[in-house]
Amino acid sequence: MVQRHDGRRIVVLVGPQGSGKGTQAEMLTEHLGVPVIATGELCRQEIAKKTLIGEQIASYVHQGKLVPDDIIQALLEQRLRQPDAARGCIFDGYPRTLEQARTLDTFAPPDIVIAIELSDRVAVERISGRVVCAACGAVYHHQNRPAQNHAVCDRCGGELIQRRDDQEEQALRKRLAIYREQVEPLAQYYSEQKVWQVIDGSPSIHLVHEAILGAITATAE
Ligand code: AMP
């Protein structure tokens, strides 16, 4: 039996690349007052530090492959020890596998798992226009969410770049295929726990946000 309600609010966001998951997580963090913990971001931070472990991580990330669970677990434990995560967090990009979902239940069982649904065609279309801030990680899209000055971040003035793995269509297709394969067991696992909620990711950012808030509010009642 999974032990929930230890006073922390644990939300998991699941969705293919391009579903707006990262943007929705950022919007939710303000609403819930808990941080976003994005394992992809933790990986990129470790790569940027140029540590030995960072080099290992890079070899997986740059091929669009999942980083081994023990490495992800170590990064997560380190992050969860930060005081801002004491009241809970929003996981973005974790868990991605059944194994990771089972592990998560041992230290932070989710109150709700929100699956943002999007077709591969729309995902690829969206991602090809996506850029991120090299300094703060803010995400923009030249059509759907443009920066005021297309080369510069609105938030911190950092340089906007295309993430290396996004530029490589082959890696992207591989990531989408991995996602489809791995989301299925997660859907089953979390449906059985009655915490799985599907949200259509194709409408505007604002409408998707409203739908997510509605699902979270219903769960908290
Ligand atoms: P993302 O920013 O979520 O698209 O993640 C970028 C990359 O980081 C992925 O393609 C994986 O190589 C790695 N990664 C992120 N989260 C996980 C995870 N939960 N398990 C394994 N690898 C991950």
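Select helix α2 (residues 39-48) and helix α4 (residues 69-80). Helices here are DSSP runs of H or I, at least four residues, and strands are runs of E, at least two, numbered from the N terminus. The two axes come within 10 Å and cross at roughly 95°. Axes are lines fitted to C-alpha atoms, for helices over the stretch in contact, with angles from 0 to 180 degrees between N-to-C directions. So α2 is roughly perpendicular to α4 (65 to 115 degrees; under 35 is roughly parallel, over 145 roughly antiparallel, the rest oblique).

Now show the side chains in contact (heavy atoms within 4.5 Å). From α2, pick T39, L42, C43 and E46; from α4, pick I72, L75, L76 and R79. Five of these residues are nonpolar, one is polar and two are charged. Nonpolar covers Ala, Val, Leu, Ile, Met, Phe, Trp, Tyr, Cys and Pro; charged covers Asp, Glu, Lys and Arg; the others, Gly among them, are polar.

The model is predicted: local features need pLDDT of at least 70, side-chain atom pairs count only at pLDDT 80 or more, and totals for chains, interfaces and linings use all residues. Numbering starts from 1 along each chain as its sequence is written, and side-chain values use heavy atoms, leaving out hydrogens and water.

Stay on α2. Its buried residues are T39, L42, C43, E46 and I47. Buried means under 20% relative accessible area, exposed over 50%, partly exposed in between (1.4 Å probe, protein chains only). These residues span an arc of only 140° around the axis, so they sit on the same side of α2. The arc is taken from the directions from helix axis to C-beta atoms. Their cover includes β2 (36-38), α3 (52-61), α4 and β3 (88-92). After α2, click K50: its phi is positive, near 55°.

Next, select α3. G54, I57, A58 and V61 are buried. Their arc is only 105°, so they too share one side of α3. Turn to the other side of α3 to find L52 and E55, both exposed.

Move to Q24 in helix α1 (residues 21-32). Q24 is buried, at 3% relative accessible area. A polar atom of its side chain lies 2.9 Å from the backbone oxygen of I205. Beyond four places in sequence, Q24 contacts L13, I116, I205, V208, H209 and I212.

Last stop: L207, in helix α9 (residues 205-220). Is L207 buried or exposed? L207 is exposed, with a relative accessible area of 52%.

Methods. Polar contact = N/O pair within 3.5 Å; in protein donor to acceptor, adjacent residues only side chain to side chain.
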